[in-house]
Structure formats: structure tokens, C-alpha cells
Amino acid sequence: MERMTIAQEEQTFIEDLAMLEDWFLQYEYLLQLSCELPKLPPEDKTDDTRVPGCQSGVWLKLSYSQGKVHVIADSDALIIRGIIAIIVTLLNERTPQEIMEYEPKFIAMTNISKQISTDRFDGLHSVIKSIQIYAGTCI
């Protein structure tokens with residue numbers, strides 16, 4: 001079975017969050033996603049892997065093999081961790097070209113942008129931008 005495109009997977013998350021009209025239910029959904037995201041080992045949480053511009057601690061470990069970018073991420077804030085789980089689901093195991101062409105929509109098209117601070121919003125975009133910059137080095 002062929003994997004959905006990033007846009008198709010993203011649309012699924014947008015629809016899932018839209019079905020949960022209440023922010024509390026969306027919050028629970030993000031908490032559930034945060035629990036499913038594998039934790040980054042403490043030894044990988046270094047200044048080198050920390051994403052600059054994030055209000056809470058966010059770490060990103062990127063690698064490239066067999067034509068795909070591998071994304072591992074973690075955060076010490078549960079809601080941000082849930083949103084990062086979405087980012088990892090969308091971008092992990094994708095080609096550099098797919099990642100570089102991705103224009104994030106799910107944060108702006110859901111209540112997430114209204115529920116998190118501007119600093120956190122900008123930090124999440126820093127995570128995506130960091131992955132895209134790395135992908136650009138893999139071409």
C-alpha cells in the first residue's frame with residue numbers, strides 16, 4: 001500500500017481536529033498523540049539538537065539514509081509534544097524534495113493557532129523550517 005502524500009495526511013489531521021469542535025477534546029487528542037511519540041533519550045537532548053526559537057524545550061534529531069529523511073523529535077511540554085507528533089508523522093521517512101515542498105497548513109487551519117501563544121506558534125514553525133533546511137542539505 002502506498003503512503004499518502006504529506007498534504008493528504010495533513011488533511012486527515014485537520015479533519016480529525018475539526019470534528020473535535022471543543023478545545024478540551026482537541027487538547028485530549030493532542031495529549032494522546034504526545035503519548036504515542038517515542039521519547040528522545042536524554043543523551044540526545046543537547047544544545048545541538050535543541051530547536052532555537054521554541055519557548056519550551058524542543059529537540060530534533062535528523063538523519064538521512066536510503067533517500068529518506070528520518071525525523072525524531074521531543075518536547076518537555078505535552079501539548080507541544082502532541083503537535084510535534086503530527087509534524088513527525090507528516091515529515092518522517094519522506095524524501096528531501098517532499099519535505100522542502102511542504103507548506104504547513106494544519107496549525108493555521110485548526111484551533112491550535114488560537115490556543116497557543118505566538119511564541120509557541122513561531123517555535124513550531126521553527127521545527128518545520130529546521131527539518132526543511134536539513135532536507136535541503138540532503139539533495
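**A walk around helix 6**

Start by selecting helix 6 in this predicted model: its buried residues pack against strand 1 (58–65), strand 2 (68–75), helix 3 (78–91) and helix 4 (96–101). To see which side chains are involved, show G123, L124, V127, I128, I131, Q132 and A135, the buried residues of helix 6.

While you're there, check the length of the helix. Its 20 residues should span 28 Å at 1.5 Å a residue, and the end C-alpha atoms sit 29 Å apart, so the two agree.

Next stop, the cavity. The count comes to one cavity of 30 Å³ or more, and the largest cavity holds about 30 Å³ of space. To find it, select C54, Q55, S56, V58, I80, R120, G123 and L124, which line the largest cavity. Which element gives the largest share of that lining? Helix 6 (residues 118–137) does, with three residues.

Now jump to helix 2 (residues 23–36) and select W23 and Y27, which lie four residues apart and so are separated by about one helical turn. The structure holds one aromatic pair. How are the rings of W23 and Y27 arranged? Their centres are 6.1 Å apart and their planes meet at 70°, so the pair is edge-to-face; the cut-off for that label is over 60 degrees.

Methods
Residues are numbered from 1 along each chain as its sequence is written. This is a predicted model: local features need pLDDT of at least 70, side-chain atom pairs count only at pLDDT 80 or more; totals for chains, interfaces and linings use all residues. Side-chain values use heavy atoms; hydrogens and water are left out. On a 1 Å grid over the protein atoms alone, a cavity is a set of points where a 1.4 Å probe fits but cannot get out, and a pocket is an open set with protein on both sides within 12 Å along at least five of seven lines; lining residues have an atom within 4 Å of a point. Grid points are joined across faces, edges and corners, and a volume is the space filled by probe spheres set on the points. Helices (H or I, at least four residues) and strands (E, at least two) are DSSP runs, numbered from the N terminus. The expected span of a helix is 1.5 Å times one less than its number of residues. Buried means under 20% relative accessible area, exposed over 50%, partly exposed in between (1.4 Å probe, protein chains only). Contact means heavy atoms within 4.5 Å. Rings of Phe, Tyr and Trp (its six-membered ring) pair if their centres lie within 6.5 Å; planes under 30 degrees apart count as stacked, over 60 as edge-to-face and the rest as tilted.
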